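I opened a new notebook page for this protein chain.

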Amino acid sequence: MVDTFAALAHGMAVAVQPLNLLYALIGVLLGTAVGVLPGIGPALTVALLLPVTYKLDPGGSLIMFAGIYYGGMYGGSTTAILINTPGESASMATALEGNKMAKAGRGGPALATAAIGSFVAGTIATIGLAFLAPWLVDFAVRFGPEDYFALMCVAFVTVSATFGDSPIRGLTSLFIGLTLGLVGIDKLTGQARLAFGIPELLDGVEVTTLAVGLFALGEALYVASRRHHTEEKLEPVRGSLWMTKEDWKRSWKPWLRGTLFGFPIGALPAGGAEIPTFLSYSTEKRLTKHPEQFGKGAIEGVAGPEAANNASAAGTLVPLLTLGLPTSATAAMMLAGFQQYGLNPGPLLFAERPELVWGLIASLFIANCMLLVLNLPLVGLWVKLLAIPQPWLYAGILVFATTGTIAAKPSVVELSMLAGFGVMGFLMRRFDFPIAPVVIGLILGPIAESQLRRAMAISLGDPLALLQSPMSATLLGVALIALVAPFVLKGLGRFKANED
């Protein structure tokens, strides 16, 4: 514990450097802005910035990306409350009561409890991250290659099964990513794989090109294809922005309960923010002393889910930093950011670059404070962003994405791949295939392959060696259960429906 306090103090010294404070401020401003704009999430923003930041300081860039992540979680609640359109899927639960409060002239207290709850949850969860990460690192250092391969299998299955509505579609997306991960020179034999005689492909598919193509171009094409859409009605913020004594009394317990839901579930490989926000909402609905207000604008229904939402963001960083496992689309983009600078998150990063890791963790406390100061006074400014016409917005994204890719790697092949991935991203959205598993497959696939080969080399080719370690056997069992469970549950659901 003493070591953690010392490391955190060292990290704070890194985070308060003027340039890093500027990066954090840019991150939270961008994050809040993209959280407010429906359809543009933190994952898309980080993807857009990857090619632009590849020559910047790694520590500063990662602090900015983390600020975008936290800011996006804050900003999503603004549109959920004011126009009943969640900027992020994790803000869907907030929209249920928040918009009703805005229509009743209590948009100010709804925004206030969302912002303060996000601050409370984000701070507590970041403390949890600081104290849980070293313990997990000590545990992960003992992993052998077979344990790491089994852990990757758990990540592959849980991520592909939980993103989107269909596990089959999720697994299909994952296999597309794994196939793209095979492109390039085989590190063991030196042979070219799936390069088709194109020299530019010998280095493999760039994560930044794939991410920008799928997230930015794909989203722009998808929005352009949806010409017929209903106009959102913006609820003005009427009355006081401040919460009454009664609002505080009804909010503080949901903030704490939401944190207890969000942080541990966010840290799980199959976590994400949607599950804890709805769990928090249903819990508050059950525990409330004012059940008649639920469905009409209960402040507990905003306070709890928003706290769970932000706590899960810090929870997501636990497996990312300690094991190198992304459990959300934005975490996958941040992992791509690490790899852009030749850094691999995991136990060794804590030993090799402690100033970078602890500087990043300490910067989250600063980002949280910045967000609380920026969100309430500037709510009018964030609302004005909703007036930007969508054609202008997405045209700007297309220009930014293309110029960023050209700056990072000026090549006709790279631009052609960007366009191809953009069309693929559009088609995947059109037919409801999740996008995050493709990126995760490309990033983690080569790592899983190298760990499997190492395990096979150590055991002289005996595949049963993967089951000899208790840890790898347990993890592979978990992966198998996670793979089979969605299909079993779906089958049971159909069987029950036929009986009825």
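My entries follow, and they concern a predicted model.

Entry: I looked for positive patches. I found one formed by K245, K249, K253 and K289. I then picked out K253. It sits in helix α10, which spans residues 245–267. Its relative accessible area is 42%, so K253 counts as partly exposed.

**Entry: nonpolar surface.** Next I looked up a nonpolar patch. Its members are I168, L480, L483, V484, F487, V488, L489 and L492. Together they have about 710 Å² of accessible area. Which helix gives the most to this patch? I noted helix α20, residues 470–499, with seven residues. L492 is found in helix α20.

**Entry: a residue under cover.** I turned to T4, in helix α1 (residues 2–15). Is T4 buried or exposed? T4 is buried, because its relative accessibility is 8% and the cut-off for buried is under 20%. I listed what T4 touches, leaving out residues up to four places away in sequence: A130, F131, P134 and W358.

**Entry: backbone angles.** Most residues other than glycine have a negative phi. I wrote down two residues with a positive value.

F196 is not a glycine, yet its phi is about 55°. I placed F196 in the loop between β2 (192–193) and α9 (207–225). F196 is exposed, at 70% relative accessible area.

D432 is not a glycine either, and its phi is about 65°. I found D432 in the loop between α18 (412–430) and α19 (436–458). With a relative accessible area of 38%, D432 is partly exposed.

Key:
Residues numbered from 1 in each chain as written. Predicted model: local features only at pLDDT ≥ 70, side-chain atom pairs only at ≥ 80, totals over all residues. Heavy atoms only, no water. Patch = residues over 30% accessible without salt bridge, like charges linked within 9 Å, V, L, I, M, F, W, Y side chains within 5 Å. Areas by Shrake-Rupley, 256 points an atom, 1.4 Å probe, with all protein chains shown as cover. Salt bridge = Lys/Arg side-chain N within 4 Å of Asp/Glu carboxyl O. Lys, Arg positive; Asp, Glu negative; His and termini not counted. Charge placed at Lys NZ, Arg CZ, Asp CG, Glu CD. Helix = DSSP H or I, 4+ residues; strand = E, 2+ residues; numbered from the N terminus. Buried < 20%, exposed > 50% of the residue type's maximum accessible area, 1.4 Å probe, protein only. Contact = heavy atoms within 4.5 Å.
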